Amino acid sequence: MGTLREDMYAALGGADAVASMSHEARADAIEDFAIAKLDAAAEKARKTKTFPTVAELDARIDQRGYRRGAGSLFRHSNYSETIKPGVPEGKVKRLSKMPAAPTLIDFFKQRFAPAAHLLQSAALAKRKGESEEVILGCLLHDMGGYLLKSDHGYWGAQLIEPYVSERVAFGVRYHQALRFFADPQSGYEYPVRYYEAFGFDYVPPPYIQAAYQHALKHEWYMVARHITTNDLYTFNPNLTIEVEEFTDIIGRHFKQPREGLGYDNSPVAHMWRTMINPDAPL
Ligand SMILES: [Fe+2]
Ligand SMILES: [Fe+2]
């Protein structure tokens, strides 16, 4: 086995082949290599690692200063899912003031950043030539998790419902259930990360199983399924994607309210306002 650089050059067809690639092709090839490497590491972890059980995860609940379902805007970002005795909890960071009429891109920059998971999932979907609606679905699929992690697909779909097509909202809502069910024909396997997060012996509750069955028979099943196949947990820590890469797709498929998200009197405006000011005492 060579160095990482030698391995990468070998996988890409040698140094000459790498040198002859366009800048963009080389960036894509390096990203593919990094993803494959991370996937292989995850597979190895699955085979060799002892994952927690549901009961062990349950025992940690009252050992934390926050609930696991709290949205990521409401807890410090340097938390660890693994309880480490004696390690103090972190602090939340101060949030910047948002414009008077905030846009979706403002939320990405000022509330969701770095949003690597969303941006890299959407970039992967774009590179694979998915439809613009699927790319937007990937970009927004876990947005609900900033507000509440528990049932994040449902919160996320509700947040965007007034502004996107029914297909995009469907995809975001049902990706949550579909994540628990493999679809090898679509290239989707049960995520290794879920063994760690939910417990090795976890069985999804009846409402998730029912949502899966409903989605499976639905004409938009593949919209939700494609969101799961681009849902990257083994993302590349060295790859930075800017939300501007999706400005055109957002412009075509997200109806930005003139008054700004949070101020358009829509049924979900208060949910956006809560993300504008998660520090409000009431
Ligand atoms: Fe998700
Ligand atoms: Fe995700």
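## The loop between H5 and H6

Ala 115 sits in the loop that runs between H5 and H6. The model is a predicted one, and in it the phi angle of Ala 115 is near 50°, a positive value in a residue other than glycine. Is Ala 115 buried or exposed? Ala 115 has 20 other C-beta atoms within 10 Å, so it is buried; a residue needs 20 or more such atoms to be counted this way.

Pro 114 also belongs to the loop between helix H5 (104-112) and H6. The peptide bond that leads from Ala 113 to Pro 114 is cis, and its omega is near 5°.

Asp 142 is found in the loop between helix H7 (132-140) and helix H8 (144-147). Asp 142 counts as buried because 23 C-beta neighbours lie inside 10 Å.

Which residues is Asp 142 in contact with, leaving aside its neighbours within four places in sequence? They are His 117, Leu 118, His 152 and Gly 156.

Asp 151 is placed in the loop between H8 and H9. Its phi is near 60°, again a positive value in a residue other than glycine. Asp 151 has 16 C-beta neighbours inside 10 Å and therefore counts as partly exposed. Asp 142, by contrast, is buried.

## The protein as a whole

The protein contains 15 helices and 0 strands. It has 282 residues, and 29% of them count as buried.

Contacts between residues at least 6 apart in sequence can be sorted by their separation along the chain. In this protein, 68% of them join residues at least 24 apart.

How many of the 9 residues of H7 are buried? The count is 8, and the helix is mostly covered. The buried residues are Glu 133, Val 134, Ile 135, Leu 136, Gly 137, Cys 138, Leu 139 and Leu 140. They pack against helix H6 (116-127), helix H9 (152-160), H10, helix H13 (221-229) and helix H14 (247-253).

The packing of H6 with H7 can be described in detail. Their axes are 7 Å apart and the helices pack at an angle of about 165°. That angle makes H6 roughly antiparallel to H7, since angles over 145 degrees are classed in this way. The crossing of H6 past H7 is right-handed. On the H6 side, Leu 118, Ser 121, Ala 122, Ala 125 and Lys 126 take part, and they meet Val 134, Ile 135, Cys 138 and Leu 139 in H7. Sorted by class, this contact has 7 nonpolar, 1 polar and 1 charged residues.

## The nonpolar core

The largest nonpolar core holds 50 residues, and those touching the most other members are Ala 122, Leu 136, Leu 139 and Ile 160. Which helix gives the most to this core? It is H10, with 7 residues.

With its neighbours within four places in sequence left aside, Ala 122 is in contact with Ile 135, Cys 138, Leu 139 and Phe 246.

The axes of helix H10 (residues 166-178) and helix H12 (residues 206-216) cross at roughly 120° and come within 8 Å. H10 and H12 are therefore oblique to each other, and their crossing is left-handed. In the contact, Tyr 174, Ala 177 and Leu 178 of H10 meet Ile 208, Ala 211, Tyr 212 and Ala 215 of H12. The residues of this contact are 7 nonpolar, no polar and no charged.

H13 is another mostly covered helix, with 7 of its 9 residues buried. These are Val 223, Ala 224, Arg 225, His 226, Ile 227, Thr 228 and Thr 229. The cover over the buried residues of H13 includes H7, H10 and H12.

How values were computed
Residues numbered from 1 in each chain as written. Chains lettered and ligands numbered in written order. Predicted model: local features only at pLDDT ≥ 70, side-chain atom pairs only at ≥ 80, totals over all residues. Helix = DSSP H or I, 4+ residues; strand = E, 2+ residues; numbered from the N terminus. Buried ≥ 20, exposed ≤ 12 C-beta atoms within 10 Å, placed from the backbone. Contact = placed C-beta atoms within 7 Å. Axes fitted to C-alpha atoms, helices over the stretch in contact; angles between N-to-C directions. Parallel < 35°, antiparallel > 145°, perpendicular 65-115°, else oblique. Left-handed = near helix turned anticlockwise from the far one by under 90°. Nonpolar A, V, L, I, M, F, W, Y, C, P; charged D, E, K, R; others polar. Core = buried A, V, L, I, M, F, W, Y, C linked by C-beta atoms within 7 Å.
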